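Here are a few friendly notes to read alongside the model. Please keep the 3D view open as you go.

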Amino acid sequence: MNTNVNLEAAVGVLAFLGTAFVLGLAALVILHALKTRKHARARKIGLAAMTGLGLYLALLLTFSFVSRERVLAFGEEKHFCEIDCHLAYSLTNIRKTKTLGAAPDEKGAGGIFYVVTIRTRFDETTISTTRGNGLLTPNSRVVTVLDGQGNSYDVSIDGQRALDASAGSGTPLTTALRPGESYTTELVFDLPPDIKNPELLMREGEFVTHFIIGHENSFWHKKTKFRLEA
């Protein structure tokens, strides 16, 4: 299974929350020790806190350095771990066009529009036995296209508006769904006509994920991407 983590999501989140709690508690103890002029205690607690933080950062970097870059072929799924369940994403269609929309609101691409269809599926085989059939609202998603030269391209605002106004772009990526349900979303990218090795990267948008052990957003962690060309 291709996932956005290389450590069990629940373990990574609990490690982050536990470390944050311990560091916060240590800060309070240090402040109290300094206020009561117990400097030796403050130094000991400070040293212990720094040691714990150092261990956490070492684990964070270790999981990043042992991670592997993956580029998925058309139709292969990337699973996003949502603590007790997975959302699976795959590319189901890619089309290229110079224009989008209908006159008088037709928009032309600076290069060429790539209209990418993304399927979101709530994998019902990954839910815990106690979760039930409740709705799951996906975390925020950031979707970009990367090329072989290291350039990054965001969703084209003009192209997306033209698509939405004419044919529609399907269901937004943040739409809630139940186990077993799925939907598709179309995103538009304005890419150079001579782009080399374009790859689509979908990742979580929450800033805190940069500090979770094993998460692909963490520092120097390798990514799982989708190939846009054969």
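1. Is Pro 192 buried, partly exposed or exposed? This is a predicted model, where local features need pLDDT of at least 70, side-chain atom pairs count only at pLDDT 80 or more, and totals for chains, interfaces and linings use all residues. Residues are numbered from 1 along each chain as its sequence is written, and side-chain values use heavy atoms, with hydrogens and water left out.

2. Pro 192 counts as partly exposed because its relative accessibility is 24%. Buried means under 20% relative accessible area, exposed means over 50%, and partly exposed lies in between (1.4 Å probe, protein chains only).

3. Look for Pro 192 in the loop between strand 7 (182-191) and strand 8 (199-204). Helices (H or I, at least four residues) and strands (E, at least two) are DSSP runs, numbered from the N terminus. Beyond its neighbours within four places in sequence, Pro 192 is in contact (heavy atoms within 4.5 Å) with Ile 112 and Tyr 153. From C-alpha to C-alpha, Pro 192 lies 9.2 Å from Ala 109, although 83 residues separate them in sequence.

4. Now turn to helix 3 (residues 157-166), where Gly 159, Gln 160, Ala 162 and Leu 163 are buried. They sit on the same side of helix 3 because they cover an arc of only 160° around the axis, taken from the directions from the helix axis to the C-beta atoms. The buried residues of helix 3 pack against strand 3 (86-100), strand 4 (107-123) and strand 7.

5. The face turned away from that buried side carries the exposed residues Ile 157, Arg 161 and Ala 165. Just after helix 3, Gly 168 has a positive phi of about 85°.
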